[in-house]
Amino acid sequence: VLNEIPELPADALFGIKQRIAADDRTPLVDLGIGAYRDDEGKPWILPAVRAAEAKIHADTHTYNHEYLPIGGLPALTRGAARVLFGDDLADESSERIVSVQSISGTGALHIAAKFLASFFPERTVYLSDPTWANHKAIFEAQGMRTATYPYWDAATKSLRFAEYLAAVKEAPEGSVFVLHACAHNPTGLDPTQEQWEQLVQAIAESGHIALFDSAYQGFASGSLDKDAFAVRLGVEKLRHSSPVLVCQSFAKNAGMYGERVGCFHLVIPDQGEETNATVAPAVRSQLQRIVRSEVSNPPAYGAKIVGTILDDPVLTNQWHDDMVTMASRIGEMRRALRDKLVELKTPGNWDHIVGQCGMFSFTGLSPAMVKRLEEEHAVYLVSSGRASIAGLNAGNVEYVARAFDEVVRF
Ligand code: PMP
């Protein structure tokens, strides 16, 4: 049997990482993976994280490597729900929100997929076209059927909003819609607040299940609250119609990439106090069954770091400042890249780089241009033309602009 197993191609993103590791050209610019870098191109440990680590290590009573409960660290799951839903909504809906810790955002999506496959196996899961490459794989691995809804219009570099809304209305009742909570990956393009209102309204009217994937909260605007707009709107508007699932990652906004800190939250529709009181424990037990059979209990160290930040108002404020630091630097780099391209008179319009938000820009460069950027300029992007703006800094942005200019022109 082993002799017949086909070898799969390398993962597109992690393949870039390998090629970069084997490339000794300088300058070399990594605009591939979505990980924040400081202005020297180095990974950044958030000051809030450093302070939380110091606090954890200093507390000899709680600093240990014991197992966490199956559902995760309460300081994390509780605090994480507040970050997403806001204090008011979290308090008001507390008996309807069931939260478990997950292996970062991917693990939260995996829990969501397993839960849906157990209790809603016939539903189709709708993904934006395009979306994060792993979405399809995660849902299909659990036997869920996936389909796409229109999202990005390559010709106008804008949202295909009318078609998106029509797709929500036309999908069979009770379908699952995977929505990027903010800072859409890969396009960097989000619906406006008015558009979200219409989308959520249509989701409510069709009895669909909304699944928000929140991997970049804080990265779109620098504000956690602003970036939670769509999730909070969804929870309010779907209150009497359908469950809201939220997959939350702290990989980017707390820089916890490799520590795998995240949460899965399920908000049960309000069915009156009595029903709420029986549904929540049942859902919680099912989510814990999923966690128990797969990871037994979630990883502790990163959860303690984020839980400590969320439990301490001083550290929470520091974290908010850290997010502003990251979001503003990315904003500056968007402007710097656009301005350089304008200065170089690079053919085309580059305003979309500034208009898009979050970590990424969908540049509009073709796969052939991306290939030349890598081969001739040692500038690495995903072949779709998605550039991680966090990889730009004052020292390389001009070089990158000149490289873009060269591949666009010739
Ligand atoms: N969803 C989206 C849209 C993402 O872009 C990512 C990370 N690239 C994730 C989920 C999950 O990331 P992680 O598992 O590292 O939290």
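At roughly what angle do the axes of H4 and helix H5 cross, and within what distance do they come? Before the reply, note that this is a predicted model, in which local features need pLDDT of at least 70 and side-chain atom pairs count only at pLDDT 80 or more, while totals for chains, interfaces and linings use all residues. Residues are numbered from 1 along each chain as its sequence is written.

The axes of H4 and H5 (residues 134-141) come within 8 Å and cross at roughly 35 degrees; here axes are lines fitted to C-alpha atoms, for helices over the stretch in contact, and angles run from 0 to 180 degrees between N-to-C directions. Helices (H or I, at least four residues) and strands (E, at least two) are DSSP runs, numbered from the N terminus. The crossing of H4 and H5 is right-handed, a term used if the near helix is turned clockwise from the far one by less than a right angle. Thr106, Leu109, His110 and Ala113 on the H4 side meet Asn134, Ile138 and Phe139 on the H5 side, where contact means that C-beta atoms, placed from the backbone, lie within 7 Å. This contact has 4 nonpolar, 3 polar and no charged residues, with Ala, Val, Leu, Ile, Met, Phe, Trp, Tyr, Cys and Pro counted as nonpolar, Asp, Glu, Lys and Arg as charged, and the others, Gly among them, as polar.

Helix H4 (residues 104-119) also provides the largest share of the shell around the ligand, 3 residues. The residues around the ligand include Ser104, Gly105, Thr106, Trp132, His180 and Asp213, a residue being near if its C-beta atom, placed from the backbone, lies within 6 Å. By class, this shell holds 3 nonpolar, 8 polar and 1 charged residues.

The next element to find is the sheet. It is an open sheet of 7 strands with mixed pairing, in the order E2-E10-E9-E8-E7-E3-E4, and two strands pair if DSSP finds at least two bridges between them. Strand E2 (97-103) and strand E4 (145-150) stand at the edges, each with a single partner strand, so one side of each is left without a neighbour in the sheet. From one strand to the next, the twist averages 25 degrees. Strand E8 (residues 209-214) and strand E9 (residues 244-249) run parallel and are joined by 5 bridges, and phenylalanine 212 has valine 246 in E9 as its bridge partner. Helix H9 (residues 229-237) packs on the sheet, touching E7, E8, E9 and strand E10 (261-267), and its direction makes about 160 degrees with that of E8.

The contact of H7 with H9 divides into 6 nonpolar, 3 polar and 2 charged residues.

Note on methods. Contact = placed C-beta atoms within 7 Å.
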